[in-house]
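Q: I would like a close look at one part of this structure, followed by an account of its surroundings.

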Amino acid sequence: MRLAVSMPAIAGEKTAKHRREEGLMEHRDLFPAFVTVLALLVYFWNMMACGRARARHGILAPATTGHPEFERALRIQGNMLEQLIVFIPALWIFSLTIQPLVGAALGLIFVLGRIIYSVSYASDPAKRGLGYGLGALPTVILLVGGLVGVILQFVAEG
Amino acid sequence: MRLAVSMPAIAGEKTAKHRREEGLMEHRDLFPAFVTVLALLVYFWNMMACGRARARHGILAPATTGHPEFERALRIQGNMLEQLIVFIPALWIFSLTIQPLVGAALGLIFVLGRIIYSVSYASDPAKRGLGYGLGALPTVILLVGGLVGVILQFVAEG
Amino acid sequence: MRLAVSMPAIAGEKTAKHRREEGLMEHRDLFPAFVTVLALLVYFWNMMACGRARARHGILAPATTGHPEFERALRIQGNMLEQLIVFIPALWIFSLTIQPLVGAALGLIFVLGRIIYSVSYASDPAKRGLGYGLGALPTVILLVGGLVGVILQFVAEG
């Protein structure tokens with residue numbers, strides 16, 4: 001395991017070249033990678049809540065209806081999936097053309113928004129607005145910022 | 001903001017090393033990144049059309065049926081999601097093992113196909129064929145080309 | 001085509017620098033890239049089975065119900081999509097912070113599990129357990145391992 005070997009390395013000593021030779025991630029990529037994993041853990045929690053609601057109400061696959069609690073859990077999971085397909089690529093493109101730390105900070109707001117969305121939607125779908133907005137706003141900023149970032153870097157590099 | 005600093009750089013002067021130290025994307029990655037953002041903007045437009053149809057026909061969450069216009073908008077968005085999960089990774093793997101410009105050109109055909117698909121499906125689901133095919137064909141080429149590209153590069157590098 | 005040029009290169013001679021100048025993928029990335037393509041081919045097969053079931057039973061878009069065989073095919077495809085959004089990013093983050101070969105091996109178990117899931121679910125949804133577990137277990141390991149890998153690399157690099 002290369003990690004065991006690289007652990008004692010003096011902080012900052014490791015160059016981009018060494019990192020690549022060991023097959024490790026660029027340092028700047030650790031920020032969007034960390035936020036990606038957090039967002040996927042929220043999604044994983046959504047999936048487990050959905051599976052539990054299916055079992056609790058005895059709804060057999062492939063049925064996707066049968067009890068309001070299950071249907072809400074299924075929509076929470078489905079909506080997270082719909083958001084993740086935009087969020088993850090936008091987070092990375094923004095982070096690599098604008099700024100990894102700003103990208104990660106926006107990503108953490110997304111993660112927080114999705115937790116609020118999941119809890120509030122499960123209790124009452126009508127209350128999903130705040131969490132939805134808190135999840136959608138950083139995604140829009142990451143996507144539009146990523147577009148601007150790609151164009152600016154392209155122009156700068158000719 | 002590093003971009004402000006890097007903007008005045010003489011075109012072509014920036015090396016891969018400088019780019020990494022500033023945390024920027026490799027130049028070759030700008031092509032698939034640009035097309036990824038365009039495809040996500042089409043999806044975003046699909047999501048907004050779906051939300052508007054839900055509101056217009058007073059269909060309360062978590063219902064996924066209730067009016068043909070909403071159901072069409074939901075399928076357009078759902079189908080785009082189903083395509084994006086293949087398209088985005090295939091675009092990147094093709095671009096990084098075969099050719100970024102060819103990958104981006106195929107990706108632009110996908111984006112065009114999905115716009116035609118969205119407009120024609122919304123007017124009449126039976127007319128979705130052309131747009132669907134124009135979206136699916138480049139995706140298949142990117143996926144099969146990506147498989148060939150990975151194998152060729154692996155063989156070439158031993 | 002750069003691949004034609006790079007093919008005769010003596011194995012191992014190509015450095016990371018040359019690879020980047022030609023726009024090629026880092027060698028370590030070929031392992032998760034290969035597994036990503038395989039997983040997408042399984043999904044593609046799921047999509048085609050779903051389209052065929054829709055046609056066979058004359059179910060017109062945008063309907064998502066109408067015959068058990070079609071509904072099962074739709075859930076198989078939908079479930080694969082739900083898994084891929086976690087699997088693909090987790091596979092790459094694990095591979096680039098822990099180990100590409102271990103990541104790829106776990107990914108191959110996922111691919112095998114999803115093939116078993118697809119076949120068994122299509123014959124009888126109640127038999128989907130083994131394939132589902134065989135797909136989900138490596139995904140959980142990749143995701144949790146990716147989280148640990150990001151944190152360890154961050155700590156090691158200060």
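What span should the 27 residues of helix α3 of chain A have at 1.5 Å a residue, and how far apart are its end C-alpha atoms?

A: The model is a predicted one, and the values below are computed from it. Helix α3 of chain A covers residues 30–56. The expected value rests on one less than the number of residues, each step counting 1.5 Å. Just after α3(A) comes G58(A), which adopts a positive phi of about 60°.

Chain B can be examined in the same manner. Its helix α3, again residues 30–56, has 27 residues that should span 39 Å at 1.5 Å a residue, and the separation of its end C-alpha atoms, 39 Å, agrees with this. After α3(B) one finds G58(B), with a positive phi near 60°.

A further helix in chain A is α6, which runs over residues 129–157 and has 29 residues. From the first C-alpha of α6(A) to the last is 41 Å, close to the 42 Å expected at 1.5 Å a residue. The residue G158(A) follows α6(A), and its phi is positive, near 65°.

The contacts between chains come next. Between chain A and chain B, 36 residues of chain A touch 35 residues of chain B. The two chains bury about 3,200 Å² between them, and carbon and sulfur atoms account for 74% of that area. On the side of chain A, the residues that lose the most area to chain B are I85(A), L143(A) and E157(A), together 20% of what that side buries. E157(A) belongs to the range of α6(A), residues 129–157.

For chain C and chain B, 35 residues of chain C are in contact with 37 residues of chain B. Here the buried area is about 3,200 Å², with carbon and sulfur atoms giving 73% of it. The count of salt bridges between chain C and chain B is also zero.

The structure holds one cavity of 30 Å³ or more, and the largest cavity has a volume of about 1,100 Å³. Its lining comprises 39 residues, with W92(A), L96(A), W92(B), W92(C) and L96(C) nearest the centre. Helix α4 (68–97) of chain A, of chain B and of chain C each supplies at least two residues of this lining. By class, the lining of the largest cavity has 24 nonpolar, three polar and 12 charged residues.

The largest pocket, an open space, has a volume of about 1,100 Å³. It is lined by 33 residues, and those nearest its centre are T64(A), T64(B), L74(B), T64(C) and L74(C). For the largest pocket too, α4 of chain A, α4 of chain B and α4 of chain C each provide at least two lining residues. The lining of the largest pocket divides into 12 nonpolar, 12 polar and nine charged residues.

Notes: Residues are numbered from 1 along each chain as its sequence is written. Chains are lettered from A and ligands numbered from 1 in the order in which they are written. This is a predicted model: local features need pLDDT of at least 70, side-chain atom pairs count only at pLDDT 80 or more; totals for chains, interfaces and linings use all residues. Side-chain values use heavy atoms; hydrogens and water are left out. On a 1 Å grid over the protein atoms alone, a cavity is a set of points where a 1.4 Å probe fits but cannot get out, and a pocket is an open set with protein on both sides within 12 Å along at least five of seven lines; lining residues have an atom within 4 Å of a point. Grid points are joined across faces, edges and corners, and a volume is the space filled by probe spheres set on the points. Helices (H or I, at least four residues) and strands (E, at least two) are DSSP runs, numbered from the N terminus. Ala, Val, Leu, Ile, Met, Phe, Trp, Tyr, Cys and Pro count as nonpolar, Asp, Glu, Lys and Arg as charged, and the others, Gly among them, as polar. Contact means heavy atoms within 4.5 Å. Buried area is the accessible area (1.4 Å probe) that two parts lose on being put together, summed over both. A salt bridge is a side-chain nitrogen of Lys or Arg within 4 Å of a carboxyl oxygen of Asp or Glu.
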